[in-house]
Amino acid sequence: MEPGWLLWGAAVLLLLLPVLAQLSPAVNFVLRVGFYYVLCIVCSALTAPVCLLVNGGRTVKNMRIIRNVVRTFKYFFGLRFEVKGLENFEREGPAIIVSNHQSVLDMMGMMEILPDNCVQVGKKELMYAGSVGLIIYLGGVIFINRKSTTSAKMVMAEVAKTMAAENVKVWVYPEGTRNCTGDLLPFKKGAFHLAVQAQVPVIPVVYSSFTTFYNPKKNLFTSGKVKVEVLPPIETKGLTSDDVSDLTDRCFRTMRETLFRLSGRP
């Protein structure tokens with residue numbers, strides 16, 4: 001096929017895409033999700049050299065740069081964040097931040113409120129996600145092999161030492177996987193074992209349900225508002241491993257009640 005026809009075909013396709021998006025929710029969903037991934041890849045590739053030039057390599061300080069870049073994403077997708085309780089991040093010293101995990105869009109919500117000196121715990125597979133893997137590596141993300149319980153426990157033990165030595169907060173998704181149902185999955189106990197081991201507080205963060213504007217099962221992806229609430233810290237001083245189950249249940253109940261309230265559910 002001649003190059004001229006290819007150019008004409010591409011031009012016609014570009015003109016038709018907005019029309020198709022209006023006619024078909026599935027096309028609209030695919031286009032918006034595809035654009036989100038492209039935005040992540042391109043911005044990661046452009047931001048990585050900046051992190052290397054400014055901070056010289058892998059460090060939590062790079063999260064400030066990454067945070068400022070990702071905060072612009074919401075304007076592309078028409079998302080608004082209504083945040084309460086940021087003062088609960090202001091306490092000195094390390095802490096475990098636990099949050100509900102709904103979709104690939106959680107990154108935007110996290111970066112909207114991410115405090116300084118805070119790193120995330122993520123699955124090891126993210127390291128191999130091209131420029132995205134590179135940028136989160138440079139940001140100091142702690143990678144865990146979820147398929148190996150022994151490996152994960154060893155990493156978490158090292159995290160406890162790092163928290164104390166470097167005075168950082170650690171962000172964990174205790175559900176362990178994305179859950180776009182409008183409810184919470186049962187919490188895994190790793191984050192709470194870590195909090196008790198390090199004797200640091202747990203700070204719950206709750207995002208309202210995305211289901212009103214983002215739902216893969218319904219091919220729904222529109223603009224919308226996300227309510228975010230940072231809850232008061234839950235102290236762990238004096239607790240032992242015997243108290244981890246109660247701590248986990250307490251945090252789960254509090255976050256679930258808050259999720260329903262923010263999402264307008266009874």
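Which residue in strand 5 is the bridge partner of Gln-120? The partner is Trp-171. The model is a predicted one, and the points below set this pair in its surroundings.

- Seven strands form an open sheet in the order 1-9-6-2-5-3-4, and their pairing is mixed.
- Strand 1 (79-84) and strand 4 (142-144) are the edge strands, each pairing on one side only.
- On average, neighbouring strands of this sheet are turned by 25° against each other, direction ignored.
- Strand 3 (residues 118-123) and strand 5 (residues 169-172) run parallel and are joined by three bridges.

**A helix across the sheet**
- Helix 5 (residues 106-113) lies across strand 1, strand 3, strand 5, strand 6 (202-207) and strand 9 (224-230).
- Helix 5 runs at about 45° to strand 1.

**A pair of packed helices**
- Two packed helices are described by the angle between their axes and the distance between the axes.
- Helix 2 (residues 25-55) packs with helix 6 (residues 130-138) at an angle of about 40°, and their axes are 8 Å apart.
- Angles under 35 degrees count as roughly parallel and 65 to 115 as roughly perpendicular, so helix 2 and helix 6 are oblique to each other.
- The crossing in which helix 2 passes helix 6 is left-handed.
- In helix 2, Cys-40, Ile-41, Ser-44, Ala-45, Thr-47, Ala-48, Cys-51 and Leu-52 make the contact, meeting Ser-131, Val-132, Leu-134, Ile-135 and Leu-138 in helix 6.
- The residues of this contact comprise 10 nonpolar, three polar and no charged.

Notes:
Residues are numbered from 1 along each chain as its sequence is written. This is a predicted model: local features need pLDDT of at least 70, side-chain atom pairs count only at pLDDT 80 or more; totals for chains, interfaces and linings use all residues. Side-chain values use heavy atoms; hydrogens and water are left out. Two strands pair if DSSP finds at least two bridges between them. Helices (H or I, at least four residues) and strands (E, at least two) are DSSP runs, numbered from the N terminus. Axes are lines fitted to C-alpha atoms, for helices over the stretch in contact, and angles run from 0 to 180 degrees between N-to-C directions. Contact means heavy atoms within 4.5 Å. Angles under 35 degrees count as roughly parallel, over 145 as roughly antiparallel, 65 to 115 as roughly perpendicular and the rest as oblique. A crossing is left-handed if the near helix is turned anticlockwise from the far one by less than a right angle, and right-handed if clockwise. Ala, Val, Leu, Ile, Met, Phe, Trp, Tyr, Cys and Pro count as nonpolar, Asp, Glu, Lys and Arg as charged, and the others, Gly among them, as polar.
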